[in-house]
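Trainee: Could we go through this one together? I would like to ask things as they come up.
Mentor: Of course, let us open the model and start.

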Amino acid sequence: MKILIVEDEYNAREGLAELIAKTSPEHTICGKAVNGQEGYEMAVKYQPDLAFIDIELPKMNGLEMIEKLLLAPQMKSGMPAFVILSGYAEFRYAQQAIQYGVQDYLLKPISYEKLKNVIQNLGKLNDLKRAYGTNSGTSRDMILSSILQNDSTFSQEALRILNTALHPGNRYLITVYYGKNSSTESLTKTVSQLCGYYDFSDHYVSLIEKDKLLTLFITSDKSFAEIEKILNYNFIYAIEKTGFRDCIVTLIPVQKTEDLTGITGRIKILNSWALSLGNEKVISPAQVEGIHLETAALPRQFDIEALYAIKNNASCGLKKINHEFVDSLKAKRYTPSQIIRACNGYALSILVCYKELNVCAYDRIQDFHVFDMLKNSCTTGELLDCLDSLADLYSTCEKETCRGYSTPVRKIINNITASYSSDISLEQIAEKMNITPDYLSHLFTKEVGVSFSTYIKEFRITIAKKMMLESDCRICEIGEKTGYRDPKYFSKVFKEVTGLSPREYIRMQHS
């Protein structure tokens, strides 16, 4: 991209040139002018893609220079993108600058990040203009995605290009949410075949990867009902046949192309209704407006069944309950937000139970970000995947730690894991669980193979050994962090378990 700088102050001009070279070395500075007249002449001579122009200039101010360029027949390559440079005192010119089609305003002093963003965005605009001349698929993708995402830098230019190219007819926006499907090549191919087979007057296809959306804007002489029928009986079948599963297809009638601007938020809301309506058929705004909503209370009995399955180490049973729970939500017409709220409550009950039984597993599962995943789910399939993954993760952690112990023993081990650094006794745990200490002691020894006191002693020393190898803590600090306030007693217990004193153990590990 060729860049022209028009600035009368030497330090400001050279400083901007230096900053551009640092932020965007891939672009070329084709000229540096010191007044408006020279800037005009350089613009005509070099045909820049982007011009940074100060407002207050000698001979001809910045806005006068832009106005003259807009009328100049010599600008064969088209107008550059104009960026005005100004201080706060000159901000009154902003309204006039907008009338001249100025793309952006930079207030002095210019920051590194702001300049970088401006150049990147205007570079995209330049690509858009150039690509449109080729009428390629890439240009159509850029045009549609720019409008739908309302990119403030060039959505208006994209909208102008779209309006000049459209044929008369009925206009529709078709979207495909492809979710967890990774490759979009076959989906794009199926969409192209659809457009070719039905000979739509205009069709613009765009992928918006961050939202997992394929969007298709078409002009057709067919009615809404006819397009809906094509999608339901041909298109959805075709994309499923190519291997795409759990997709959502929406159909939005477009009265004015301006209605497409920034519509991705509306598309996301429409997609979420697949939780209520299912995704076997196309979803349209009219369907959502006419839906009869369920007023009955959300199901809660599944929480109790899930907790019972967890306490009995039945991960398969938990998955079965997950499916029954989601099926019960599908059977009635709840709103998407009600469904997400019900799933959040169900998942929270499961996590509370996990924390009670295995704190290590609970801590590891926090990295899974279950509530974020549920919030962003658009289909019941995604909800199920999330809940089933929660069951799988816990099942793996349980096998690593508790090996199928009974619920009371798992709770004891969890208490030790969570509170080994403080005073902890079997009596305290028994009181919390409302079980006699003698019974709990007998049960623990029978299942684990060692007594409670031996287990906690060996557990603490295992943690202490790890700390000796991985931290710079002193021996007395390690003893305190593992539940031994008296350093002498810590050394005695350590030698009893390992056969070595703490110092001997450290020397042996480093020898």
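Trainee: Which strands does helix H10 lie across?
Mentor: Bear in mind that this is a predicted model. Helix H10, residues 264-272, lies across S6, S7, S8 and S9, and the helix runs at about 130° to S9.

Trainee: And in what order do the four strands of that open sheet come?
Mentor: The order is S7-S8-S6-S9, with antiparallel pairing. The edges are taken by S7, residues 202-208, and S9, residues 248-254, each of which pairs on one side only. On average, neighbouring strands of this sheet are turned by 15° against each other, if direction is ignored.

Trainee: How many bridges join S6 to S9?
Mentor: Seven bridges join S6, which covers residues 170-177, to S9, and the two strands run antiparallel. If you want a point of reference along the strands, tyrosine 172 stands opposite proline 253 in S9.

Trainee: Is S7 mostly covered or exposed?
Mentor: S7 is mostly covered, with five of its seven residues buried, even though S7 is an edge strand of the sheet.

Trainee: Switching to aromatics, how many pairs does a search of the whole structure find?
Mentor: The search finds 13 aromatic pairs. One of them is formed by tyrosine 198 and phenylalanine 200, which are stacked, with 6.2 Å from centre to centre and 20° between the planes. Both tyrosine 198 and phenylalanine 200 are buried.

Trainee: And why is the pair of phenylalanine 444 and tyrosine 455 called edge-to-face?
Mentor: The ring centres of phenylalanine 444 and tyrosine 455 are 5.5 Å apart and their planes stand at 80°, so the pair counts as edge-to-face, the cut-off for that class being over 60 degrees. Phenylalanine 444 lies in helix H21, residues 437-448, and tyrosine 455 in helix H22, residues 452-470, so the pair ties together parts that are eleven residues apart in sequence. Both phenylalanine 444 and tyrosine 455 are buried.

Trainee: Which residues form one aromatic cluster there?
Mentor: The cluster is formed by Tyr420, Phe444, Phe452, Tyr455 and Phe459.

Trainee: Where do charged side chains lie over rings, say for lysine 68 and arginine 460?
Mentor: The charged end of lysine 68 sits over the ring of tyrosine 40, at 4.3 Å from its centre, while arginine 460 lies over the face of tyrosine 484, at 5.4 Å from the ring centre.

Trainee: Back to helices, at what angle do H20 and H21 pack?
Mentor: H20, residues 426-433, and H21 pack at an angle of about 105°, with their axes 9 Å apart. The two helices are therefore roughly perpendicular to each other. On the side of H20 the contact is made by Leu426, Glu427, Ile429, Ala430 and Met433, and on the side of H21 by Pro437, Leu440 and Ser441.

Trainee: What is in the loop between H20 and H21?
Mentor: Asparagine 434 lies in that loop, and asparagine 434 has a positive phi of about 60° although it is not a glycine. At 72% relative accessibility, asparagine 434 counts as exposed.

Trainee: And glutamine 47, buried or exposed?
Mentor: Glutamine 47 is buried, with a relative accessible area of 12%. Glutamine 47 lies in the loop between helix H2, residues 36-46, and strand S3, residues 50-54, and has a positive phi of about 50° although it is not a glycine.

Note on methods
Residues numbered from 1 in each chain as written. Predicted model: local features only at pLDDT ≥ 70, side-chain atom pairs only at ≥ 80, totals over all residues. Heavy atoms only, no water. Phe/Tyr/Trp six-rings, centres within 6.5 Å; stacked < 30°, edge-to-face > 60°. Buried < 20%, exposed > 50% of the residue type's maximum accessible area, 1.4 Å probe, protein only. Lys NZ or Arg CZ within 6 Å of the ring centre and 35° of its normal. Pairing = 2+ DSSP bridges. Axes fitted to C-alpha atoms, helices over the stretch in contact; angles between N-to-C directions. Contact = heavy atoms within 4.5 Å. Parallel < 35°, antiparallel > 145°, perpendicular 65-115°, else oblique.
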